[in-house]
Amino acid sequence: MDKLITGIHHITVLADDPQKNLDFYCGVLGLRLIKKTVNFDAPEVYHFYYGDETGQPGTILTFFPHKGITRGRRGKGMINTTGFSVPAESIGYWMERLKKFNIAFKGPVDRFEGETFIYFEDQDGVGLELVFNDADTRPGFTYGHIPPEHSVKGFYHAEIWADSEKPTAALLTGQMDHVLIAQKDNRYRYAATDAPGNYIDIIADPQSPRALKGGGSVDHIAFNTPNIETQLQAKEKITHQSLNPTHVYDRQYFKSIYFREPAGVLFEIATAGPGFQVDESKEHLGEGFKLPSWYEQYREQIEKAVIPITFNPEQYS
Ligand code: ZN
């Protein structure tokens, strides 16, 4: 049987200032803003989607920027680190670049075979890594201010902290098509597809405090499913585990169900399509302020409620 889950779709984070968010992720890291919309469940808050050129699953990092939000706390029951994949030879380039923008980092450190990382945080304390490797065959994206041979290719991995790896691992391997592909000390790496962009690392760390949700916290991680049929089949398997998945939400660019995994992280299963070109062409992704049809009648109020933002890549070359 074909897999119902093929890897990571997107990761969504709670942020503070929207302009600083844009400056960091488009400017410093060079991700493409592929969609500027609102949180469909709280339309006075932006929803920014960043990714590769077209926002393919496995590259999509999204934010709900809410200026003045109280900071969260890292810990168990949360994704505390999100890794981006970059070429092995780019390590010098990125260390220089982070220094240039006064971003402190730890490393470089070798982890698994063929994998070296540096760790840093954004202005809200979001835990990030650049993972240098030669295994990733995806092209990167650049606005032109980062040389194409150094640009980010998408996610490398996401890191969940938990008391024990076992309950989350049982769900990933039993119902979500993942297998254990590597293990070192208390790090257990699972993947539905064994390639950068899809790794879920579970850190078994009973000593950590429990995470508190707030600014700088990951809200949820979405896994990719090919289509609405496979989504319903996946939902069926989750329901049998008494994890109470939600009904299917229309997120305009994909369809989604949500449930909480045993360690406490909110999981989503999102369809690969229809994707971000349903309301903007490839050349113009991220340029408009897009609202789903059911919010268009409130456009004027919504535009007044959000803070205007601008981005000029040349300031970040
Ligand atoms: Zn989501």
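The model is predicted: local features need pLDDT of at least 70 and side-chain atom pairs count only at pLDDT 80 or more, whereas totals for chains, interfaces and linings use all residues. Residues are numbered from 1 along each chain as its sequence is written, and side-chain values use heavy atoms, with hydrogens and water left out.

The chain contains 5 helices and 16 strands, taken as DSSP runs numbered from the N terminus (helices H or I, at least four residues; strands E, at least two). Of the 317 residues, 57% are buried, that is, under 20% relative accessible area (1.4 Å probe, protein chains only). Among contacts (heavy atoms within 4.5 Å) with a separation of 6 or more, 67% are between residues 24 or more positions apart.

The zinc ion has as protein donors His 10 (NE2), His 220 (NE2) and Glu 268 (OE), at 1.9 to 2.0 Å. Donors are N, O and S atoms within 2.8 Å of the metal (3.2 Å for Na, K and Ca); water is not among the atoms, so sites may look incomplete. The sequence spacing of the donor residues is H-x209-H-x47-E. His 10 belongs to strand β1 (residues 7–15) and Glu 268 to strand β16 (residues 266–271), so this pair ties together parts 258 residues apart in sequence. His 10 is buried at 2% relative accessibility, and Glu 268 is buried at 0%.

Conventions: Buried means under 20% relative accessible area, exposed over 50%, partly exposed in between (1.4 Å probe, protein chains only).
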